[in-house]
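Biologist: I am new to this structure. Please take a close look at one single part of it, and then connect that part to the rest.

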Amino acid sequence: MSQAARAGASPAAIGQITDERKSQLLNWLLLLLLVYLLVAAVSIIGDGFKQATGDQARQLFAFSSNPFVGLMVGVIATALIQSSSTVTSIIVAFVAGGLPVAIAVPMIMGSNIGTTLTNTLVSLGHVRDKNEFRRAFSAATVHDFFNLLAVVIFLPLEIMFGLLERISLATAGLFYGDANLSMSGINVVKTATAPVVNGVGGMANHLPTVAAGIVMIVVGIAMIFLAIRYIGVLLKQLMVGRAKAVMHNAIGRGPVAGIASGAVVTFFVQSSSTTTSLMVPLAGSGTFSLREIYPFTLGTNIGTTFTALLAATAVTGAVAIHALEIALVHLFFNLFAVTLIFGLPVLRDLPIAGAEWLAGLAAENKLFAAAWVLGVFLLLPAILILVTVMLF
Amino acid sequence: MTTRNDLQHLSVSELEHLLDETDTSIRAVRAELQRRRAAEQHLAIEQLEERLAAAKPQWAEVKGFFEHVLKELRK
């Protein structure tokens with residue numbers, strides 16, 4: 001007997017509860033189907049990438065072997081697609097298809113910067129009221145400044161020592177063992193996704209090899225895009241109650257609770273752009289201060305790394321370790337950045353100072369806000385890529 | 001409101017008492033402000049569904065912003 005029936009609820013109320021449960025169950029099943037499509041899409045892109053590039057992935061991506069270009073590719077791709085989860089999942093798939101991890105690491109870092117464009121665009125909607133705009137714009141750009149600072153610290157360390165790559169490879173090794181060993185035995189993920197992967201591959205096989213590879217990449221990217229988009233839509237419906245509880249619990253409990261709630265809520269809705277954009281109007285109205293929003297924003301960087309880890313589970317065989325490695329790079333980069341920058345008092349307030357300074361300028365003259373949006377996310381990356389490609 | 005002149009007429013113990021009272025009042029005001037702020041934040045979180053649905057760039061607003069910038073440039 002259900003709780004409602006025990007409590008003496010009317011048949012109509014019981015019927016409504018049953019309908020809600022059915023609808024929830026259907027949503028969970030749909031969610032599973034979308035995760036399945038996401039995982040299959042990663043395999044399709046990986047196979048397509050292998051087919052399109054042969055063994056020439058390194059040469060094909062030679063233009064981005066310069067880490068600054070790789071970084072800018074990540075910035076622009078994420079700024080245009082407005083989903084770091086999509087871009088990082090595609091990068092995982094490319095690594096599975098043979099893209100060297102060293103080339104992919106700066107792209108992952110760039111996607112962290114590119115994803116901050118969304119909440120900055122949301123803040124532009126507050127332009128009519130000067131003080132509201134200053135608060136909203138600073139709440140959005142504190143994410144920009146934090147992620148830029150993280151890249152300023154960790155990209156040189158990566159170039160000099162391969163810090164993240166080494167740590168991630170060692171960690172991935174714990175799961176997969178030696179990179180040269182192929183996984184033997186039955187692989188559940190591979191077996192489960194084989195019908196979809198082989199189906200798309202079979203349809204593309206009528207084309208010449210390279211064209212077939214490109215078609216598979218395009219189909220895979222479209223599938224990832226749709227899967228992540230609708231996973232977000234469903235999770236918002238399914239997890240909003242839990243997300244509320246997490247956020248209620250974090251109020252007044254300090255920055256660590258703020259970071260944890262940002263990570264958990266982002267994990268629930270699978271989109272850091274959504275969670276950071278959510279806070280911008282609340283900052284604009286003055287309901288949350290910049291110092292309260294800052295830790296939450298840092299948590300979103302951690303929460304968003306789950307999608308790439310999920311995508312990496314799709315990859316089998318000898319490259320599986322590298323797919324997991326690049327997904328772990330995303331996780332460790334964000335974990336280390338939060339620990340280092342927020343942990344050190346000398347660095348902690350730099351993003352806040354930068355955001356307040358820029359928001360102060362932008363509130364007086366909106367040209368500064370426009371220059372920031374167009375310059376940081378589009379023009380500067382595009383010019384840097386163009387110059388590098390033309391010169392080298 | 002107590003002025004500096006009034007304070008000069010008070011004894012040391014009266015001044016200490018006044019300071020204690022003021023301290024208690026300030027703490028109470030701070031606590032009340034914090035309580036109201038937290039209540040406002042809890043209320044905002046209660047509307048999470050609507051806020052999540054609206055948490056994306058509104059392109060009309062972005063366009064409006066750039067029109068605003070162009071207007072400022074022409075001034």
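Modeller: A:Q82 lies in the loop between helix 4 (67–81) and helix 5 (84–96) of chain A. Helices here are DSSP runs (H or I, at least four residues), strands are E runs of at least two, and both are numbered from the N terminus. The phi angle of A:Q82 is near 55°, a positive value in a residue other than glycine. This is a predicted model, in which local features need pLDDT of at least 70, side-chain atom pairs count only at pLDDT 80 or more, and totals for chains, interfaces and linings use all residues. Residues are numbered from 1 along each chain as its sequence is written, chains are lettered from A and ligands numbered from 1 in the order in which they are written, and side-chain values use heavy atoms, with hydrogens and water left out.

A:S84 counts as buried because its relative accessible area is 4%. Buried means under 20% relative accessible area, exposed means over 50%, and partly exposed is in between (1.4 Å probe, protein chains only). Leaving out residues up to four places away in sequence, A:S84 touches A:T78, A:S111, A:T115, A:S272 and A:T304. Contact means heavy atoms within 4.5 Å.

A:Q270 sits between helix 12 (255–269) and helix 13 of chain A. Its phi is near 55°, again positive in a residue other than glycine. A:Q270 is buried because its relative accessible area is 9%.

A:S123 belongs to helix 7 of chain A. With 0% relative accessibility, A:S123 counts as buried. Not counting residues up to four places away in sequence, A:S123 touches A:F133, A:A136, A:F137, A:A140 and A:V280. A:I302 is in helix 14 (residues 290–303) of chain A. It is buried as well, at a relative accessible area of 17%. A:I302 and A:A263 are 39 residues apart in sequence, but 5.5 Å apart in space, C-alpha to C-alpha. Beyond its neighbours within four places in sequence, A:I302 is in contact with A:I259, A:A263, A:N334, A:L335 and A:V338.

Widen the view to chain A as a whole. Chain A has 19 helices and zero strands. Buried residues make up 53% of its 392 residues. Take the contacts between residues at least 6 apart in sequence: 83% of them join residues at least 24 apart. The C-alpha trace spans about 70 × 55 × 35 Å along its principal axes.

Next comes the meeting with chain B. Here 31 residues of chain A are in contact with 24 residues of chain B. The area buried between the two chains is about 2,700 Å², and carbon and sulfur atoms give 72% of it. Buried area is the accessible area (1.4 Å probe) that two parts lose on being put together, summed over both. Ten residue pairs are in polar contact between chain A and chain B, both residues being at pLDDT 80 or more. A polar contact is a pair of N or O atoms within 3.5 Å; within protein, one must be able to donate a hydrogen and the other to accept it, and residues adjacent in sequence count only if both atoms are side-chain atoms. Helix 7 (117–124), helix 11 (209–250), helix 13 (272–284) and helix 19 (366–391) of chain A each supply at least two residues of the side that touches chain B. Helix 11 gives the largest share, six residues.

Finally, the charged pairs. Three salt bridges lie between chain A and chain B. A salt bridge is a side-chain nitrogen of Lys or Arg within 4 Å of a carboxyl oxygen of Asp or Glu. One joins the side chains of A:K244 and B:E46 (3.7 Å, N to O). It runs from helix 11 of chain A to helix 2 (residues 12–46) of chain B. A:K244 is buried, at 14% relative accessible area, whereas B:E46 is partly exposed, at 42%.
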